[in-house]
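Subject: Structure handover

Hello,

Please find the structure for your course work below.

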Amino acid sequence: MWRDRNSLQILNVSNSHWLTYSTIGCQPGVVNIYDSMAGKDLPNRTKEQITSLVCTPLKQVNLRFMRVQKQNGSNDCGVFALAFATTLCNGESVTYHKHRMRKHLLDCFVNCKMEMFPSTK
């Protein structure tokens with residue numbers, strides 16, 4: 001049984017990169033990966049983490065890399081991972097305004113409330 005049908009998590013990969021995974025709306029055994037660096041593969045340790053976190057008895061989990069907006073700077077992955085997670089929780093499909101994302105994130109932290117990142121539908 002697919003016990004964690006609607007999970008969403010932000011993961012750190014290799015101590016230097018952040019991405020989001022989600023099972024929201026997925027069939028059993030499928031996990032969507034939202035990676036602003038457009039990776040098509042993950043370290044084995046990260047694959048093992050995801051399989052463990054989704055709590056599936058299946059021997060194999062199908063990781064599906066989603067087409068998402070790519071980051072420009074080398075330090076933007078964390079902001080994008082948070083933006084992807086916030087957007088998924090709100091059920092939206094958007095294009096982010098990259099130049100306004102960091103300020104928005106700071107405002108969210110100051111106000112103790114995550115809100116949709118500046119974007120266009």
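What percentage of the 121 residues in the protein chain do buried residues make up? The figure is 40%. Buried means under 20% relative accessible area, exposed means over 50%, and partly exposed lies in between, with a 1.4 Å probe and protein chains only.

Some ground rules come before the rest. This is a predicted model, in which local features need pLDDT of at least 70 and side-chain atom pairs count only at pLDDT 80 or more, while totals for chains, interfaces and linings use all residues. Residues are numbered from 1 along each chain as its sequence is written, and side-chain values use heavy atoms, with hydrogens and water left out.

Overall build

The protein chain has three helices and six strands. Their order from the N terminus is β-β-β-α-β-α-β-α-β. The radius of gyration of the protein chain is 14 Å, close to the 14 Å from the globule rule for 121 residues, so the chain is as compact as a globular protein of that length. That radius is taken over C-alpha atoms, and the rule is 2.2 Å times the number of residues to the power 0.38. Helices (H or I, at least four residues) and strands (E, at least two) are DSSP runs, numbered from the N terminus.

Along its principal axes, the C-alpha trace spans about 40 × 25 × 25 Å. Of the contacts between residues at least 6 apart in sequence, 53% join residues at least 24 apart; a contact means heavy atoms within 4.5 Å.

The aromatic rings

A search of the whole structure finds five aromatic pairs. Rings of Phe, Tyr and Trp (its six-membered ring) pair if their centres lie within 6.5 Å; planes under 30 degrees apart count as stacked, over 60 as edge-to-face and the rest as tilted.

One of the pairs is Phe80 with Phe84, which is tilted, at 5.8 Å centre to centre and 50° between the planes. Both residues lie in helix H2 (residues 77-90), four residues apart, about one turn of the helix. Phe80 is buried at 2% relative accessible area, and Phe84 is buried at 5%.

Phe80 also pairs with Tyr96: the ring centres are 6.1 Å apart and the planes are at 85°, so this pair is edge-to-face. Because Phe80 lies in helix H2 and Tyr96 in strand E5 (residues 95-96), the pair ties together parts that are 16 residues apart in sequence. Tyr96 is buried too, with a relative accessible area of 6%. Ring pairs link Tyr34, Phe80, Phe84, Tyr96 and Phe117 into a cluster.

Asn72 sits in the loop between strand E4 (62-65) and H2. Is Asn72 buried or exposed? Asn72 is exposed, at 64% relative accessible area.

Leaving out residues up to four places away in sequence, Asp76 touches Gln71 and Arg102. Asp76 and Asp41 are 35 residues apart in sequence and 19 Å apart in space, C-alpha to C-alpha.

Regards
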